[in-house]
Amino acid sequence: MHRETKLEILSFLDSAGRSSWQSFRMAYQSRHRCLQHVCSETAAVATRLGISGGLDSTLALLITCKAFDLSGLPRSGITSVTMPCFGTTERTLNNSIALAQALGTTVKKIDITKAKKVPCGSVED
């Protein structure tokens, strides 16, 4: 069954009338500039970032790479950490690792399946 959906042009504009691409670009630029400032103020040369293959961690990784580029830091200083478990699909795991490698970051995979099997009451603080 074919269903036609009408979209209003305003759904692609933010409250200031900018397109969603323009809004994204402004947000992306402000975030990587902020992170670049933090790197320079703290003399940070490395960071760890959790990656899942989803949109949020993908954007965080792209922003971090841009901030490192602008700071003159090598992307190998970014450790992209993935922690697959029961809910992780091969697709998202492979996507996250492939992206992190393609961007030149250090990739670390920590399988937490065994840790997840430990009953919560047996874990001490």
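Predicted model: local features only at pLDDT ≥ 70, side-chain atom pairs only at ≥ 80, totals over all residues.
Residues are numbered from 1 along each chain as its sequence is written, and side-chain values use heavy atoms, with hydrogens and water left out.

**Stop 1: the fold.** Show the chain as a cartoon. It has 4 helices and 3 strands, in the order α-β-α-β-α-β-α along the sequence. Helices (H or I, at least four residues) and strands (E, at least two) are DSSP runs, numbered from the N terminus. Of the 125 residues, 21% are buried (under 20% relative accessible area, 1.4 Å probe, protein chains only). Take contacts (heavy atoms within 4.5 Å) between residues at least 6 apart in sequence: 69% join residues at least 24 apart.

**Stop 2: the core.** Select Cys-39, Leu-49, Ile-51, Leu-61, Cys-65, Phe-68, Leu-73, Ile-78, Ala-100 and Leu-103. These 10 residues form the largest nonpolar core. Helix H2 (residues 55-71) gives the largest share of this core, 3 residues. Such a core is a set of buried Ala, Val, Leu, Ile, Met, Phe, Trp, Tyr and Cys residues joined through side-chain atoms within 4.5 Å.

**Stop 3: Ser-80.** Move to strand S2 (residues 78-82), where Ser-80 is found. Is Ser-80 buried or exposed? Ser-80 counts as buried because its relative accessibility is 0%. Beyond four places in sequence, Ser-80 touches residues including Leu-49, Ile-51, Leu-61 and Ala-100.

**Stop 4: Ile-51.** Leaving aside neighbours within four places in sequence, Ile-51 contacts Ser-57, Leu-61, Ser-80, Val-81, Thr-82, Ser-96 and Ala-100.

**Stop 5: the cavity.** Which residues line the largest cavity? Select Ile-51, Gly-53, Ser-57, Thr-58, Leu-61, Ser-96 and Leu-99. The largest cavity holds about 30 Å³ of space. On a 1 Å grid over the protein atoms alone, a cavity is a set of points where a 1.4 Å probe fits but cannot get out; lining residues have an atom within 4 Å of a point. Grid points are joined across faces, edges and corners, and a volume is the space filled by probe spheres set on the points. H2 and helix H3 (90-102) each supply at least two lining residues.

Key
Buried < 20%, exposed > 50% of the residue type's maximum accessible area, 1.4 Å probe, protein only. 1 Å grid on protein atoms, 1.4 Å probe; cavity = no way out; pocket = protein on both sides within 12 Å on 5 of 7 lines; lining within 4 Å.
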